[in-house]
Structure formats: structure tokens, C-alpha cells
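Have the model open while you read.

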Amino acid sequence: MPLNIFQDLDGLPRIILTEPTGSSAEVLLYGGQIVSWKNEQKQELLFKSSKANWKQPKAIRGGISVCFPQFGNMGSLDQQGFTRNRLWSLDRDPSSLPPPDNHSSVDLIFKSTREDLKIWPRSFELRLRITLSAGKLVLIPRVRNTDNKPLSFTLALCNYLTVSDISEIWIEGLETLDYLDNLVKRSRFTEQADAITFDDEVDRVYLRTPSKIAIIDHEKKRTYELRKNGRADAVVWNPWERKAKAMNDMGDEDYQSMISLGCAVIEYPVTLKPGEEWKGHQELSTVSSRL
């Protein structure tokens, strides 16, 4: 069956994924970005800023984006790399992965261009498989070094999730871990709380995190579960009121209904020899909270 692709009002090619229980996802070729994930009740699970800029070459604030080949201020590029504001293509030959279901799965690819080589002097292929199933969204990113020299990179899958009230949620799975606090010049601390809660701006990189992290939303009685491998770190971000008002692509009150939880490789960059490939795996699911 052919993929369900159409042009949206902004002229961006958009792919619609569906599955039998009624959930859906929408994926843009621009940035390889997932901009919608709805459950069987048609409730939106991904946050999108009310002031998101949908015009190229700006990145879209929200959804799920791939930040590559750099994440954070550890290099010469933009903090979140450049692949999230480039046009990707459909990957017609996703070798080494089983054949996809064209209704509920799509394979994307981004190949570095001559212009990209001017700012990042290594050629690469970045692939992404997105698969939708009942209550679950799976992403498999792959990076291949197509250069004749070693390729080192950092990467993050930035997941903007919608919540009822940021002050009423908590994150489990990061307690007792070390983290880098980007609000204090990347100073290193150890998490002392039993669970992460929010009453001010947070911008942290938690290190050597477990394979499962959970976000519990009291009011919606919903828990997001994030399972991962291939990425040791986790990024937790909420701008809170003052920074949200200062951002030109964030609504003043948007911070109240979102949390960004990213799977990442930051502390120890990946290095690939020519021809080598790296693969990661992320699974997002929702379950009813125990509260």
C-alpha cells in the first residue's frame, strides 16, 4: 500500500500514519519531525508551541525532532544541530531493518549535502524509522559514516510531550543520578529528590540513565513511559514563565502544558570509523497512572 502523503497549508510534505485501534501520527519531511501523535480517543499527546514557526528554514518548536550532529553547546554548530531544519527524503531502501507497514510505519533519510560540509566537514547518512502501534510510538535512528575519516557526533531525540499542568507532574527513573545543569554553566550535581518535580525553569542533562523513564501526570491520570537503548543520557527541559515570555517561538503560557524529555548521547560522543553504522532505539508509550 502507498504511503499517505499530502501537502499541508504551509507547503510541507506530511505523512499520516494510522493503525487499527484509531491512533495516528503525522510526520514532516522537513526536519524528519513528528508533529502529532494522537491516541485512540484522538487526544493529542505531543506538545506544539502556540507560536511555533512553520516557515523554513526555522525549526519547529514541539513534536519530536532529531538533533544531530551536535546537541548542546559542545561544538561550533547550533545547539541542536542542523538536521531538524533540513528537508529529508523517504528512504526506499532501509536495509538491515524488516520491511515496514506503509500505513503505520515510515522510513526517512537525510544525507549531508555539499553546503552542510561547509559547516560540518564529515559526510554521513542519518536514517529514521518511525512505527506507530496501539498506545506506542517507536523511533529507530541510524547514523552511517560515509566519509573517509572518523565521524564523531552527539545526538538527541527531543520529545515535547503535552501535560495537564507542569507543576502537577513528576518524573521517575532519574533519582540519585548525576546531571549537568545548563543553568549553572553545565555544573555537575547529583539528583537528591525521590522524583523530579517542577516549580521553576529546568534545563538538565542526566547522565548514564536507565533504559526506562516515566512521566506521571496526576490530573490526566496518564503516564508516559520512555524506553531506550543506544543513548545513555536524558535531557529534561521546561523554560518556565520568564524564559517562555522571552522566546519568540513560545507562547507566554505554553510552558504550563509541556515537558521536553530527550534521549541523548552527549557526555560521551559516538565515534564511527568510515563505513560504520550506529543504531539507537526509543519507545514512547502511554498507560493509565496508578493514582
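**Notes on salt bridges and the main pocket**

1. Start with Glu44: at 23% relative accessibility, Glu44 is partly exposed (buried means under 20% relative accessible area, exposed over 50%, partly exposed in between, with a 1.4 Å probe and protein chains only). Lys48 is partly exposed too, at 30%. The two form a salt bridge, with their closest N and O atoms 3.8 Å apart; the term means a side-chain nitrogen of Lys or Arg within 4 Å of a carboxyl oxygen of Asp or Glu.

2. Before going on, a word on the ground rules. This is a predicted model, in which local features need pLDDT of at least 70 and side-chain atom pairs count only at pLDDT 80 or more, while totals for chains, interfaces and linings use all residues. Residues are numbered from 1 along each chain as its sequence is written, and side-chain values use heavy atoms, leaving out hydrogens and water.

3. Now look at Asp91 and Arg127, whose salt bridge has its closest N and O atoms 2.7 Å apart. Asp91 sits in the loop between β6 (89–90) and β7 (105–111) and Arg127 in strand β8 (residues 124–133), so the pair ties together parts 36 residues apart in sequence. Helices (H or I, at least four residues) and strands (E, at least two) are DSSP runs, numbered from the N terminus. Asp91 counts as buried at 9% relative accessibility, and Arg127 is buried as well, at 13%.

4. Helix α2 (residues 240–246) holds both Glu241 and Lys245, 4 residues apart, or about one turn of the helix. Their side chains meet in a salt bridge at 3.3 Å, N to O. Glu241 is partly exposed at 35%, and so is Lys245, at 46%.

5. How many salt bridges does a search of the whole structure find? The count is 19. Worth a look is the network of salt bridges that links Asp178, Arg188, Arg208 and Glu267.

6. Last, the largest pocket, with about 840 Å³ of space. On a 1 Å grid over the protein atoms alone, a pocket is an open set of points where a 1.4 Å probe fits, with protein on both sides within 12 Å along at least five of seven lines; lining residues have an atom within 4 Å of a point. The volume is the space filled by probe spheres set on the points, which are joined across faces, edges and corners. The lining has 31 residues, and Arg61, Asp78, Gln79, Gln80 and Arg84 lie nearest the centre.
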